[in-house]
Amino acid sequence: MMQKPPDDEFDLCALNELRAKAALAFDFEHPQFGRHEIALFWDGERVGALDNYCPHEGAMLSHGVVEPGQVVCPLHAAVFDVATGECLDRYTGDAQAYETSVREGRVWVRAPGERPIPRP
Ligand code: FES
């Protein structure tokens with residue numbers, strides 16, 4: 001029997017869908033900070049999850065270019081580690097990263113205290 005997933009982990013999409021698109025964004029609601037998006041990335045080898053807004057001027061990282069190990073911001077090209085959110089070229093601060101896991105072909109993200117808003 002499958003174990004019940006922890007309450008702060010959410011099943012977001014099929015790995016195949018993410019692999020086909022390289023980046024996908026999902027709506028979440030935080031009780032204190034309100035609505036925001038978490039972006040999932042597939043860099044060809046692994047999955048990463050970052051807050052979807054670039055720490056520099058808020059461009060959507062899910063519209064950036066995903067390369068092995070990193071995502072490049074679409075606005076001014078800051079480079080972030082796809083898994084840790086570290087700004088690799090020091091252009092700006094680090095992006096908030098979320099823990100991910102892949103189970104039975106599905107991508108899960110850990111977002112404590114948040115509530116995912118269902119996709120339309
Ligand atoms: S908004 Fe991302 S680098 Fe400027």
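## Close-up views of the predicted model

**View 1. Strand S6 (residues 70–72) and S7 run antiparallel and are joined by 3 bridges.** This is a predicted model, in which local features need pLDDT of at least 70 and side-chain atom pairs count only at pLDDT 80 or more, while totals for chains, interfaces and linings use all residues. Residues are numbered from 1 along each chain as its sequence is written. Helices (H or I, at least four residues) and strands (E, at least two) are DSSP runs numbered from the N terminus; two strands pair if DSSP finds at least two bridges between them. Across from valine 71 stands phenylalanine 80 in S7. The open sheet here has 3 strands in the order S5-S6-S7, with antiparallel pairing. Its edge strands, S5 (65–67) and S7, each pair on one side only. From one strand to the next, the twist averages 25° (axes are lines fitted to C-alpha atoms, for helices over the stretch in contact, and angles run from 0 to 180 degrees between N-to-C directions).

**View 2. An open sheet of 7 strands is ordered S1-S9-S8-S4-S3-S2-S10.** Pairing in this sheet is antiparallel. S1 (9–14) and S10 (115–116) stand at the edges with a single partner strand each, so one side of each has no neighbour in the sheet. S2 and S3 form an antiparallel pair over 8 bridges. Glutamate 29 is placed opposite arginine 35 in S3.

**View 3. The largest nonpolar core has 28 residues.** Such a core is a set of buried Ala, Val, Leu, Ile, Met, Phe, Trp, Tyr and Cys residues joined through C-beta atoms within 7 Å. A residue is buried if 20 or more other C-beta atoms lie within 10 Å of its own, exposed if 12 or fewer, and partly exposed in between, with C-beta atoms placed from the backbone. The residues with the most contacts inside the core are Ile38, Ala39, Leu40, Phe41, Leu61 and Phe80. At least two core residues come from each of S2 (23–30), S3 (34–42), S4 (47–51), S7 (79–81) and S9 (106–110). S3 supplies the largest share, 5 residues.

**View 4. Leucine 61 is shown with its contacts beyond four places in sequence.** These contacts (C-beta atoms, placed from the backbone, within 7 Å) are Ala39, Leu50, Asn52, Cys54, Val71, Cys73, Phe80 and Ala95. Leu61, Ala39 and Phe80 are among the residues with the most contacts inside the largest nonpolar core.

**View 5. Alanine 22 and alanine 77 have positive phi values.** Alanine 22, with phi of about 75°, lies in the loop between helix H1 (15–21) and S2. It has 17 C-beta neighbours inside 10 Å and therefore counts as partly exposed. Alanine 77, with phi near 70°, is in the loop between S6 and S7. With 13 other C-beta atoms within 10 Å, alanine 77 is partly exposed.

**View 6. The chain contains 1 helix and 10 strands.** Along the sequence, the pattern is β-α-β-β-β-β-β-β-β-β-β. The C-alpha trace spans about 45 × 35 × 25 Å along its principal axes. Buried residues make up 28% of the 120 residues. Of the contacts with a separation of 6 or more, 45% are between residues 24 or more positions apart.

Terms used. Two residues are in contact if their C-beta atoms, placed from the backbone, lie within 7 Å.
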